[in-house]
Amino acid sequence: MAGNPACERFIPLLSPYIDGELPPAERVTVERHLTACRDCTGRAADLRAESGLLRVGLDMAVDDVDFKDFAQKVMARVTPEKPPLLERLRLALSEMFLYQRTAMLSSLATAAVLVLVGLPLLLSQRAPVGYAGERMTVKAIQPYAGAHVAPVVMETDNGGSIIWMVDEQEAPDANGGGARPPRDEADSEELGMEPDTQAPGATPAKPAGPGAPRPTGGAL
Amino acid sequence: MPHKLATDDLTLVKRVRSGDQRAFKLLVERYQRKVYAVALGMLKDKEEAMDVSQEAFVKVYKYLDHFKGDASFYTWLYRITSNICIDVLRKRRGGGGDPVEFDETQAVDLSEARIGALGSRLGTNPQKSALRKELAEKIQEALATVPEKHRAILLLREIEGMSYEDLARTLDIPKGTVMSRLFHARAKVQKILSDYLELDEAKSGVGGE
């Protein structure tokens, strides 16, 4: 069956024929032979089947493989390796100590001074609790001597001032309320003195001291 | 269906050269499957094929400056891949000795194979779903019997569908050599596969339901 001497010449051409790689003239010759030769038609069909089988078979084998990390792994190999951040910091610091010891030590000392001086400063500049403005700090309290009702002025660092009206003779809760009896009556009752016998100027004006009423963060 | 045209290989190569690593990742993703398939067909070992595929891409990256750009990027990539595979096979043989080659002056005897057996069993384009795992393994076995240089040509032709011109450029051999090597490789694989199918047919005939 395979003994057709004409086939010998055509068999090697069947492979480039199925690949579409024959020049037009040769292709026509092969096709003419194929129409007349059943064996070579079968051989060409075998070659096509084999080609398809290889393609599909290899494709199947590749389908089993997970390529999810493939590109990542290649990229990791071609990208210069970077040590972890901490390691890099440690290396950089140790290099600095090696080569710039004095500069490093002096900058560390500066940093320490900054921390020691700056931190208490930062902490001391806190606004008192209860005063709405956060930048507000009471700088001074000035009691006015010789007045029954003494204003207490508190200056704030943003230019404002808070004035408290404080009754000199009252107990610390001076801002108790407005519905109190007149002041001199209360005095005479408490001290057992005639209000006429004493000059108003002699009323002891307590200096702002330990007995002075302290303003608290009450309602203004 | 509108299809977004992918950036061509040479543009990506230029981007890689100017320091764009993502462009190289795109090239890897574009060719990883086919490079692996070539390596697997050459080496028959999955892990080795995976290592070689990675190695091929790493080498491509390393020598990208040597890539002239006068040939296609993929012919260069496959040349590197098949060269690494051939090196691995050489080491496997123990370093020495030439690989077995076909005597291409001898006429190929196809009379042993039953003409038309493969074609009648499989048709011209076997479907993946119809192909059994066993047969897929047999294909790799059959490939292993083909001398490596012939195997490389056959694989590049079937997997990448390379033209004879590209095959000649990739493997640095004349086009005539491509044609004859391909023919011999196919004859060898065909013989093994048709024998296997014939045996299989006989077996299933005996033990049939």
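Predicted model: local features only at pLDDT ≥ 70, side-chain atom pairs only at ≥ 80, totals over all residues.
In it, chain A and chain B touch through 38 residues from chain A and 45 residues from chain B.

**Where the chains meet**
- On chain A's side of that contact, the elements giving two or more residues are α1 (5-18), α3 (38-63) and α4 of chain A.
- α3(A) hands over the largest share of this side, 21 residues.
- Sorted by class, the side of chain A that touches chain B comes out at 21 nonpolar, six polar and eleven charged residues.

**Helix α3 of chain B**
- This helix covers residues 46-62, which makes 17 residues.
- From first C-alpha to last, α3(B) reaches 24 Å, close to the 24 Å expected at 1.5 Å a residue.
- Its buried residues are Ala49(B), Val52(B), Ser53(B), Gln54(B), Ala56(B), Phe57(B) and Val60(B).
- A handy bit of background: residues three or four places apart on an α-helix point the same way, because there are 3.6 residues a turn.
- The buried residues of α3(B) pack against α2 (21-43) and α4 (73-92) of chain B, and also against α4 (70-78) of chain A.

**How α2 and α7 of chain B cross**
- The axes of α2(B) and α7(B) (residues 148-160) come within 9 Å and cross at roughly 145°.
- The crossing of α2(B) past α7(B) is right-handed.
- From α2(B), the contact uses Lys34(B), Ala37(B), Val38(B), Gly41(B) and Met42(B).
- Among the α7(B) residues in this contact are Arg151(B), Leu155(B) and Ile159(B).
- By class, the contact of α2(B) with α7(B) has seven nonpolar, one polar and four charged residues.

Note on methods:
Residues numbered from 1 in each chain as written. Chains lettered and ligands numbered in written order. Helix = DSSP H or I, 4+ residues; strand = E, 2+ residues; numbered from the N terminus. Expected span 1.5 Å × (residues − 1). Buried ≥ 20, exposed ≤ 12 C-beta atoms within 10 Å, placed from the backbone. Contact = placed C-beta atoms within 7 Å. Nonpolar A, V, L, I, M, F, W, Y, C, P; charged D, E, K, R; others polar. Axes fitted to C-alpha atoms, helices over the stretch in contact; angles between N-to-C directions. Left-handed = near helix turned anticlockwise from the far one by under 90°.
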